[in-house]
Amino acid sequence: MNAIDYLELDYKPKLPQDRSAGIAIIGAGEIVGSCHLPAYRQGGLNVVGIYDLEEERAAALAAAFGLPRVYRSLEALLADPAVRVVDIAVPAKAQPAIALQAARAGKHMLCQKPLAESYREAAAIERACREHGVRGAVNQQMRWSPGIRASHAILSRGWLGEPLQATISVDVRQDFAAWSWLREMPTLEVMYHSIHYLDSIRFLFGTPDSIYADGARFPGQRTVGETRTMLSLRYPGERRALIHDNHNHIAGEEDWHATYRFEGTEGIVQGTNGSLYDYPVGREDTLRFHSRLLHPDYWFVPTLHGKWFPDAFLGTMGELLRAIEEDREPEHSVRDNLETMQLVFAAYRSMSEDRPVALREIAAEEEEEAAC
């Protein structure tokens, strides 16, 4: 093996050969201005317009990013022949109805996470994409964060041997009450944050059989839902995963941490998720790894460039555009994301019933309902 092969971790987003496909954005919230549009501009993608219920917000983003159209209605956007792909950037409550309308209009779509507030609605989006012959993907962009993508390259090359243990640990301060629509959300931390870690672990280690989850609040918090979680994922055999997430850190940022660690029979990957340090500015991810297959006692420390926010957002849209161009399912398809949603809803059932919950329980209920 060439001594520098480990540096070629192939972690950066990939783009289609033809970047002319027209993209229209539905929603003009903060994340669109801070992540979606900067990433698409960075990649030279063709954003043809934007729509929001509050037209002034859409117009402000259109002016800031030089977008040619501000649509007066969702129907006008979906009727525009220049639009081939819609980026649906709205809360989960509103997403299913928009996604079904987009599928009927023949538009490929990038949905946001969580895909829906119920598994039934998430499955309905998948059926609509299939029935109308459109490509649907979900913006689980942490898969394209430099640390996670590079870890995937290391695992895929077999340098860790048999994967055994995935651990993601986050201890920061994040006031979810800053978003008014999240204050009364009964399903909070897992649904809107740790869903990223669940999806990333699925990407790296595969889909587990079951999950045992515990969620808790912090005294005096202004939100209804859980802000502290412990998630234990069980696979067949000896493979396991653990997620610890606390958004109520009481000390200064110098004590915050956002780390990941992936272990196998032959090696270890460990690093930091830079976007959660110096938030919201963030840092670049870090990564180091050891593999007995490459060297018996050496830690490789490649330098990673880019951050989860906004760089990884180019990965999700880029992969969808490539899938359309190559006439295949995207890696982060709506169909694939149903298994992430099964994990989410199994986690909440586990919290409620204080027991491990198998993903098949969630999937089976939808199959029974669809058959009726």
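**Close-up views of a predicted model**

**View 1. The largest pocket.** The lining of the largest pocket comprises 29 nonpolar, 13 polar and eight charged residues. Here Ala, Val, Leu, Ile, Met, Phe, Trp, Tyr, Cys and Pro count as nonpolar, Asp, Glu, Lys and Arg as charged, and the others, Gly among them, as polar. The model is predicted: local features need pLDDT of at least 70 and side-chain atom pairs count only at pLDDT 80 or more, whereas totals for chains, interfaces and linings use all residues. Residues are numbered from 1 along each chain as its sequence is written, and side-chain values use heavy atoms, with hydrogens and water left out. The volume of the largest pocket is about 1500 Å³. Its lining consists of 50 residues, with Glu30, Ile31, Lys113, Trp179 and Trp181 nearest the centre. Two or more residues of this lining come from each of α1 (30-42) and α7 (189-205), and α1 contributes the largest share, five residues. A pocket is an open set of points on a 1 Å grid over the protein atoms alone, with protein on both sides within 12 Å along at least five of seven lines, and a cavity is a set where a 1.4 Å probe fits but cannot get out; lining residues have an atom within 4 Å of a point. Points are joined across faces, edges and corners, and the volume is the space filled by probe spheres set on them. Helices (H or I, at least four residues) and strands (E, at least two) are DSSP runs numbered from the N terminus.

**View 2. The second largest pocket.** This pocket has a volume of about 220 Å³. Of its 15 lining residues, Asp10, Lys14, Trp144, Arg149 and Glu331 lie nearest the centre. The lining contains nine charged, four nonpolar and two polar residues. Both α6 and α8 (312-326) supply at least two residues each; the largest share, four residues, belongs to α6.

**View 3. The cavity.** The model contains one cavity of 30 Å³ or more. The largest cavity holds about 40 Å³ of space and is lined by Met142, Ser145, Gly147, Ile148, Tyr260, Thr272, Asn273 and Asp285. By class, this lining has three nonpolar, four polar and one charged residue.

**View 4. Aromatic pairs around Phe289.** The structure holds eight aromatic pairs (Phe, Tyr or six-membered Trp rings with centres within 6.5 Å; planes under 30 degrees apart are stacked, over 60 edge-to-face, the rest tilted). Trp159 and Phe289 form a stacked pair, with 5.8 Å between centres and 10 degrees between planes. Trp159 lies in the loop between α6 (146-156) and β7 (163-171) and Phe289 in strand β13 (residues 286-291), so this pair ties together parts 130 residues apart in sequence. Trp159 is buried at a relative accessible area of 5%, and Phe289 is buried at 0%. Buried means under 20% relative accessible area, exposed over 50%, and partly exposed in between (1.4 Å probe, protein chains only). The rings of Phe289 and Phe300 are also stacked, because their centres are 5.1 Å apart and their planes lie at 20 degrees. Phe300 belongs to strand β14 (residues 299-300), so its pair with Phe289 of β13 joins parts eleven residues apart in sequence. Trp159, Phe289, Tyr298 and Phe300 form one aromatic cluster.

**View 5. Charges over rings.** The charged end of Arg288 sits over the ring of Trp299, 4.0 Å from its centre. Arg239 lies over the face of Tyr235, at 5.9 Å from the ring centre. The criterion is NZ of Lys or CZ of Arg within 6 Å of the ring centre and within 35 degrees of the ring normal.

**View 6. The open sheet and strand β9.** Nine strands form an open sheet of mixed pairing in the order β14-β13-β12-β11-β7-β10-β9-β8-β15. β14 and β15 (357-358) stand at the edges with a single partner strand each, so one side of each lacks a neighbour in the sheet. Strands count as paired if DSSP finds at least two bridges between them. β12 (residues 267-272) pairs antiparallel with β13 over six bridges, and Val269 stands opposite Phe289 in β13. Strand β8 (residues 210-216) is antiparallel to β9 over seven bridges, with Ser210 opposite Arg234 in β9. Seven bridges also join β9 to the antiparallel strand β10 (residues 240-246), where Asp245 stands opposite Thr229. β9 and β10 form a hairpin with five residues between them, and Gly237 in the turn has a positive phi of about 75 degrees.
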